[in-house]
Amino acid sequence: MKMSNEVDLGREPVRHLLFVLAVPAITSQVVNALYNMVDRMYIGHIPETGAASLTGVGVCFPLIMIVSAFASLLGMGGAPRASILMGKKDNQGAEKIMGNCFTALVIAAVLLTILILIFQRPLLFLFGASENTIGYALDYMSIYAIGTIFVQLTLGMNMFISAQGFSKISMLTVVIGAVTNIILDPVFIFGFGMGVRGAALATILSQAISAVWAIRFLTGQNTVLRLKKEHLKIRSKILLPCIGLGVAPFVMQSTESILVLCFNSSLLKYGGDLAVGAMTILSSVMQFALLPLQGLTQGGQPIISFNYGAGNADRVKEAFKMQTICCVSFAAILWILSELTPGIFVAVFTSDPELSALASWALRIYMGSVVLMGLQISCQQTFIAFGNSKVSAFLAIFRKILVLIPLIYILPAFLSDKVMAVFLAEPIADFIAVATTVTMFTFSFKATLKKMRAPA
């Protein structure tokens, strides 16, 4: 069986594999976040209109997250299934999955582009645009929407590069786009005087270059799974299981915009603009801090999926153990830092004394259960690596929709400090979600290993 010339998922030591695959994945996550921050930094320094421009682009974020969520629906839904089939020595079946997901990504991109261009104005007002900022939001989103296909193909197809063990190629897909965007931003924004339209144009051109890089690799001679014309026709029996498995990451990303609305509406009611500003900082710290956990599990996924498909129970167990130890260790360090020195995180985002004081106090509450998130993310992503679509989808919906959002509105009714009550919703939801996930995973994992070790 032809395998990645970068790693051997079925034979190399698991600890070495996890390191080799996780480091580029973590780097990709961090680089991607950093170049988005640089993007906003440039926009914020546009002469005279910087503040309004930054706010206008900020309200586009929920729509951008929805676009990314559809890429995860198909990419993160299809890639683990392709890895499993590779473990079963069915590379042709894995190629059919990749081809179907490619076509579905193109169709999703076309539909999303049309819908965004038609409904972007009311949607942007829904997500917080005002008459003062709607013009900037429309300028940015109208151009970004045209490049939706590049975003879909870059994010979605890069998952299939990672799934084969080509971690460095996957990392370069992100780095190439990031570097291009950082170079083009000041040229278009300031050099050509295009403002936020220049930022959007730089973004979609960068994503286009990344998309071409990814597709060229997947159609070239160095890949294990090749994107072929005969596999592009959608087959429901191939695509639907991928969509089912992708529901969990889709829900996790797409519901971020709903959470922003829920948190901000409650905090605005009980604590005013200052509390909303603090929440912006807390969510930014949480999202950026958890990127290494996402990178770790992204590196562990092909190892677990491949060996699950190959029936190597001992390697699956070892890979999960190593992944979990790394995730829990990082989460523990993050928890200690957030509880003892929250000001270090807050200072990155603001120098305002009043906002800094509130955000530092709130961060200790908000991150109170983050030490448990290493377990949560490792177990939940392993469900996805096994191709267990029903459980992974349930866990994604359970934490955010069934637990966290109701707590945001219920807790203030029982506590005198309403602002603290809203912030408390996050650690309480994390604790409940982790207890549920670990309990379900323990029984499921034992049964899976037992089934793998049973005589054929």
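How many cavities of 30 Å³ or more does the count come to? One. A cavity here is a set of points on a 1 Å grid over the protein atoms alone where a 1.4 Å probe fits but cannot get out. Points are joined across faces, edges and corners, and the volume is the space filled by probe spheres set on them.

This is a predicted model, with local features needing pLDDT of at least 70 and side-chain atom pairs pLDDT 80 or more, while totals for chains, interfaces and linings use all residues. Residues are numbered from 1 along each chain as its sequence is written, and side-chain values use heavy atoms, without hydrogens and water.

**Stop one: the cavity**

Select Leu21, Pro24, Ala25, Ser162, Ser167, Ser170, Gln298, Gly299 and Pro302. They line the largest cavity, each with an atom within 4 Å of a point. Its volume is about 60 Å³. Now show α1 (14–44), α7 (167–191) and α11 (291–310): each supplies at least two lining residues. Helices are DSSP runs (H or I, at least four residues), numbered from the N terminus. Colour the lining by class: four nonpolar, five polar, no charged. Gly counts as polar, Pro as nonpolar.

**Stop two: a helix pair**

Select α10 (residues 256–289) and α16 (residues 389–410). Their axes, lines fitted to C-alpha atoms over the stretch in contact, come within 9 Å and cross at roughly 15 degrees. That makes α10 roughly parallel to α16 (angles under 35 degrees). The crossing is left-handed: the near helix is turned anticlockwise from the far one by less than a right angle.

Next, show side chains. On α10, pick Glu256, Ile258, Leu259, Cys262, Phe263, Ser265 and Ser266. They meet Lys400, Leu404, Ile405, Ile408 and Tyr409 of α16, with contact meaning heavy atoms within 4.5 Å. These contact residues divide into eight nonpolar, two polar and two charged.

Notes: On a 1 Å grid over the protein atoms alone, a cavity is a set of points where a 1.4 Å probe fits but cannot get out, and a pocket is an open set with protein on both sides within 12 Å along at least five of seven lines; lining residues have an atom within 4 Å of a point. Axes are lines fitted to C-alpha atoms, for helices over the stretch in contact, and angles run from 0 to 180 degrees between N-to-C directions. Angles under 35 degrees count as roughly parallel, over 145 as roughly antiparallel, 65 to 115 as roughly perpendicular and the rest as oblique.
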